[in-house]
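Have the view open beside you as you read.

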Amino acid sequence: MLGLFFSAGMCSLERFGSILVLRLTGETEHRFSPALCSQLRQHIATAAASDARALVTTNDGKYFSNGLDLEWTKPEPQTRVPYILRELERLVLDLLKLNMPTYAAICGHAAAGGLLFAMAHDHRIMRKDRGFLYSAAVDINFVLPPGSSALLRAKMAPKVFKDMILQGVKYTGIMANEVGLVDSLQEDSAATLKEALDQASKFVERPWEKAAYAGLRLSMYPELIERLERESSSGGFITV
Ligand SMILES: CCCCCCCCCCCCC/C=C/C(=O)SCCNC(=O)CCNC(=O)[C@H](O)C(C)(C)COP(=O)(O)OP(=O)(O)OC[C@H]1O[C@@H](n2cnc3c(N)ncnc32)[C@H](O)[C@@H]1OP(=O)(O)O
């Protein structure tokens, strides 16, 4: 069944059978602004309330997401940076709590907050020829919000985490696959999305229950969830 649930300008949610495709739309950097975070959270809430059984997140253009919309923070960085960080961590928490498997079909750069968003998915499929997984932290003199740091630490080997954050290594798809940051590589964007859909369509046929799947994921990262819950309900983490 093909059905376009929502298209709110910056992202869309479309259904293919039991699978929902959340798409970061347009040839932009898909920077996390309050509006984009809000739309993505609405789509994830729609997914959670639906009878769908998998979510695939992908992107148009050459950026999965290039991170926070720092332009938006410029007028009042002291208040806006913590605010948008908290919105991003709330979005990430929604993903971690979602009652279905999540697949990131990474068809471009996933930098800083975009890296966090990609790593918050259960599975990652990436193009081999375009796009970096890159934290940008050391290059933009930002410290890691504790919740974000905890998520990255939970999702990658210690040496990769160190190289990613302190060396600012830009992991191509091939490099990312070698160190386990992604689960598989594909030739181009179409093949990347197709592989994610193929993996999801196989898994949705198994008899797992949605609430149990969500509980299983939460049981994998109890400390992370607790920290993100605490941080995203606070006034936001001051980084500047
Ligand atoms: C509190 C903040 C913490 C910040 C640190 C975050 C750490 C992460 C976890 C925490 C997250 C929460 C907090 C989030 C904060 C933020 O998000 S703040 C915002 C930060 N964002 C950024 O600083 C943006 C970073 N992005 C970039 O520096 C660049 O966009 C890029 C990713 C390096 C891509 O470069 P760009 O010029 O934009 O794009 P391209 O032209 O496509 O690529 C450049 C060249 O690279 C070649 N290339 C592309 N892909 C590949 C590949 N796979 N293999 C080989 N080569 C590739 C491409 O062809 C280009 O080459 P040339 O044409 O020869 O230049």
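1. Start with N66: a polar atom of its side chain lies 2.9 Å from a nitrogen atom of the ligand. Such a polar contact is a pair of N or O atoms within 3.5 Å. Y63 also reaches the ligand, with a polar side-chain atom 2.7 Å from a ligand oxygen. In H109, a side-chain N or O atom is 2.8 Å from an oxygen atom of the ligand.

2. Please keep in mind that this is a predicted model, where local features need pLDDT of at least 70, side-chain atom pairs count only at pLDDT 80 or more, and totals for chains, interfaces and linings use all residues. Residues are numbered from 1 along each chain as its sequence is written, and side-chain values use heavy atoms, leaving out hydrogens and water.

3. Now widen the view to the shell: 32 residues surround the ligand, each with a heavy atom within 4 Å of it. Among the closest are L68, R130 and F142. By class, the shell has 18 nonpolar, nine polar and five charged residues; here Ala, Val, Leu, Ile, Met, Phe, Trp, Tyr, Cys and Pro count as nonpolar, Asp, Glu, Lys and Arg as charged, and the others, Gly among them, as polar.

4. Finally, have a look at the aromatic rings. The whole structure holds six aromatic pairs, meaning rings of Phe, Tyr and Trp (its six-membered ring) with centres within 6.5 Å. The rings of W72 and Y83 have centres 5.9 Å apart and planes at 45°, so this pair is tilted (planes under 30 degrees apart count as stacked, over 60 as edge-to-face and the rest as tilted).

Key:
Polar contact = N/O pair within 3.5 Å; in protein donor to acceptor, adjacent residues only side chain to side chain.
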